Amino acid sequence: MKKMLVKLNEISESGSESEREFSSEDLNEIFSGDMPTRFSARASVKVRTVMYRAGLDVVVEAEGNLPLIAGCSSCLQDFDLDMPVSFRMTLQPAPAQVGELPEEMGLSEEEVRRVYYTGNSIDLGNLLREQILLSVPMFPRCAKDCKGLCSSCGCNLNLETCTCESRVVDPRFAVLKNLKA
Ligand SMILES: [Zn+2]
Ligand SMILES: [Zn+2]
C-alpha cells in the first residue's frame, strides 16, 4: 500500500482539503491484504479528506463512496455494492513513555479508541486503509431477503426452487447438536 505521508508542519489550524485517489489496484490490495475479504473494486475512487490541527491534536475527516463488488455471504453470488466511507478521527501525540500509560483496565471506552501519531508526519494512506477495512460489512448480502443456497442440493434459491425436503440440517451443525445432547 502506498504511503500518503502528510508532514505535521504542513497541517494548519484552518485545515486543508484534498482528494486522495485510490486506484482499483490499491483497493484490491487493501481487500486482499492481511485479512482477505469478499470485496473487490469496480473502479478507482477519490476520497475527500480534510486535516486540521487542534492544539497538539490532528483531526482527520474523510468521505468517499467506494464502488465495490461484494460476494453475498448467503448465496455466494457477486453483486455491486456502493459503500460509503465517512469518518472523523482525532489523533493525539503519542505519550513520551509507554510506561506512563494508565492501566488498560482503567481506560474508558473512548480512551481505548484513542489514536496516536508518532514522529513528524501522519500516514494518511494507512489511516484510510484501516478505516476502509472497518467500514465493509462482515456479512454482505445481495438483498435483504436473499434466500441463500439450498443446504441440500446447493441451488440458488433466489433463482430456482428445488424439490429437496425442507432444509436438511447442515452436518457441521448436526455435530454440535449431538455434542450438546
Ligand atoms: Zn445473496
Ligand atoms: Zn435443494
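Strand 2 (residues 16-22) and strand 4 (residues 45-54) run antiparallel and are joined by seven bridges. Strands here are DSSP runs of E with at least two residues, helices are runs of H or I with at least four, and both are numbered from the N terminus. Two strands pair if DSSP finds at least two bridges between them. Within this pair, Glu 19 stands opposite Arg 48 in strand 4.

This is a predicted model, in which local features need pLDDT of at least 70, side-chain atom pairs count only at pLDDT 80 or more, and totals for chains, interfaces and linings use all residues. Residues are numbered from 1 along each chain as its sequence is written, while chains are lettered from A and ligands numbered from 1 in the order in which they are written.

Strand 4 also pairs with strand 5 (residues 57-71). That pairing is antiparallel too, over seven bridges. Met 51 stands opposite Val 60 in strand 5. The two strands form a hairpin with two residues between them. There, Gly 55 takes a positive phi near 65°.

The chain as a whole has four helices and eight strands. From the N terminus, their order is β-β-α-β-β-β-β-α-β-β-α-α. The chain holds 181 residues, and 15% of them are buried. A residue is buried if 20 or more other C-beta atoms lie within 10 Å of its own, exposed if 12 or fewer, and partly exposed in between, with C-beta atoms placed from the backbone.

Two residues are in contact if their C-beta atoms, placed from the backbone, lie within 7 Å. Among contacts with a separation of 6 or more, 64% join residues 24 or more positions apart.

Arg 20 lies in strand 2. Arg 20 is partly exposed, because 17 other C-beta atoms lie within 10 Å. Leaving aside neighbours within four places in sequence, Arg 20 is in contact with Met 4, Val 47, Thr 49, Leu 124 and Leu 128.

Thr 118 sits in the loop between strand 7 (115-117) and strand 8 (121-123). Thr 118 is exposed, because it has 9 other C-beta atoms within 10 Å.

The table gives a C-alpha separation for each of these residues.

| Residue pair | Separation along the chain | C-alpha separation |
|---|---|---|
| Arg 20 and Leu 124 | 104 residues | 9.3 Å |
| Thr 118 and Pro 93 | 25 residues | 6.2 Å |
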